[in-house]
Amino acid sequence: MENTAITTTTNNSVFSGIQAFEDAQRIAKALASSTLIPPQFQGQQGFANCLVALEIANRMGISPFLCMQHLHIIHGRPSWSSAFIIAMVNGCGRFTPLRFEISGSGDSLACYAVATDIKTDQELKGPTITMAMAKKEGWATKAGSKWLTMPELMIRYRSAAFWGRLFAGDLLVGLQTQEEVIDVQTVKVSANVDDLNVKVKSAPVIETEPDDLF
Amino acid sequence: MDNAAYHAHSAVSKSHLDLVARSPLHYWSRYLDPNRVPQEPTAAMQIGSAVHTHILELDQWDAQYVVAPAGIDRRTKVGKAEWDVFQTAIGTRTVISREDADLVMRIGRSVLSHPAAAYLLGLPGKAETTHMWIDEISGLQCKCRPDWLLDDGSIMIDLKTTEDASPKEFQRSIAKWRYHVQAAWYLDGIEKATGKRPEQFIFIAVEKKPPYACAVYVADAQMLEIGGQTARADLDKLNVCKATNYWPGYSDQVEVINLPPWMRPKADGTMPSPTEIETY
């Protein structure tokens, strides 16, 4: 039996021409006025997001509505929910459903995702994710991290995301999962003022000129 | 690049993002409308510019500003003639009244009397350096011009003149003037332009009325994160508008409007106190 991937390449890209873009704008406007789609796509603010979702849905060959339900804008970047990635891999017809091989506990908790390429019968094993890795990468040390409260679920999600990027990049159109985007966003600034205040205290007092400077 | 050339450059600045956030139509009206009227700086903006020059670039003061001479009555023929002579003599310099010059000096003295502000501005750095970069996602050219950037690139300082520099009121200024977007935009921009991201974005807030109180604040990580997300959304919106040449204003339809969140009943059903409403 011939299996066909869900993803198809079409020539109907939103950006393929002026007419296509104008048509997409009309569709985006209609979608943005719906209250059934996620808030980030609603209204005037969501109009541009709708256009992006239309383009991605078109490239993936899936319904724009399905795309919007699972496309999250995290730190300004579009990203998929991990559950959606698993569903895409399982439903595409190219692979057997993803399995998760989990072992250990605590810091030695480890997991990798595995599936078989139906056409070649080759077993495709994804990278092993460990809790030690999650801690070193800072995924598990951020305040409010789900790695702290539900590590077994997160480690499966991350294994699936890594597997998907390695073996089904075309399905995901290069996007990360929302969990990855949240985890890998580093704190880019130091708001620690203690060091600065120590320096301020030890700095010589500057006498301001009492004279009129003009 | 001098200040005028910086502002005239078409690259996207934080001010551009502010207008896009209000509505793309406002952006188009200010920057693209062929019949647009050049914006004259407001009195507050003029004072702010003079304070910047006085505190950050004092050596430029005489080249940029001249205090209006006293005793010229421009309602009389003689006074008009004297004023014309004065105007010819000053060239392109900006005229500032004696009162405003005194105000600028007092504000400057207050800032330099604040231990933290004086320490930070005493560190080796440069004022008003222009940085440009290309946004990878949209391909748009972007720009920023920090008030003060330390020579080692570790700290960026922004000087703000304000009515009230207290933490509570400055938070409102942050929300109103989108300073969080500015902080994130500048940090990201400098990282892309120079390869080094400043570790801290510091606001020096100084009041414009006696006692010219001054405070120094560091933007925290959450503020920068939300500011960065907002800037990204604004830039994406601008990119779509440019690509489509579609510049919508507010809604074309009749919209329902309700009370702002702070005027609505609280979670426990009680109403906010009148004081909370008045002072918001």
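Guide: We will take a sheet, a salt bridge and a cavity in turn. Keep in mind that this is a predicted model.

Visitor: How do strands of a sheet pair?

Guide: Strands of a sheet pair through backbone hydrogen bonds, either parallel or antiparallel. Here, chain B has an open sheet of 5 strands in the order β3-β6-β7-β8-β9, with mixed pairing.

Visitor: Which are the edge strands?

Guide: They are β3 (125–127) and β9 (214–218) of chain B, each of which pairs on one side only. From one strand to the next, the twist averages 20°.

Visitor: How do β7 and β8 of chain B run, parallel or antiparallel?

Guide: Strand β7 (residues 155–162) and strand β8 (residues 200–207) of chain B run parallel and are joined by 8 bridges.

Visitor: Now the salt bridges. How many does the structure hold?

Guide: Over all chains there are 20 salt bridges. One of them joins the side chains of K135(A) and D107(A), at 2.4 Å from N to O.

Visitor: What does that pair tie together?

Guide: Look at where each residue lies. K135(A) is in helix α5 (residues 131–136) of chain A, while D107(A) is in the loop between β3 (99–103) and β4 (110–117) of chain A, so the pair links parts that are 28 residues apart in sequence.

Visitor: Last, the cavity. Which residues line the largest cavity?

Guide: Its volume is about 60 Å³, and the structure holds 1 cavity of 30 Å³ or more. The lining includes Q44(A), Q45(A), F47(A) and A48(A), and from the other chain P24(B), K237(B), V240(B), C241(B) and P248(B).

Visitor: Which element gives the most to that lining?

Guide: α2(A) does, with 4 residues. Both α2 (43–60) of chain A and α11 (221–244) of chain B supply at least two residues each. By kind, the lining residues divide into 6 nonpolar, 2 polar and 1 charged.

Note on methods. Residues are numbered from 1 along each chain as its sequence is written. Chains are lettered from A and ligands numbered from 1 in the order in which they are written. This is a predicted model: local features need pLDDT of at least 70, side-chain atom pairs count only at pLDDT 80 or more; totals for chains, interfaces and linings use all residues. Side-chain values use heavy atoms; hydrogens and water are left out. On a 1 Å grid over the protein atoms alone, a cavity is a set of points where a 1.4 Å probe fits but cannot get out, and a pocket is an open set with protein on both sides within 12 Å along at least five of seven lines; lining residues have an atom within 4 Å of a point. Grid points are joined across faces, edges and corners, and a volume is the space filled by probe spheres set on the points. Ala, Val, Leu, Ile, Met, Phe, Trp, Tyr, Cys and Pro count as nonpolar, Asp, Glu, Lys and Arg as charged, and the others, Gly among them, as polar. Two strands pair if DSSP finds at least two bridges between them. Axes are lines fitted to C-alpha atoms, for helices over the stretch in contact, and angles run from 0 to 180 degrees between N-to-C directions. A salt bridge is a side-chain nitrogen of Lys or Arg within 4 Å of a carboxyl oxygen of Asp or Glu.
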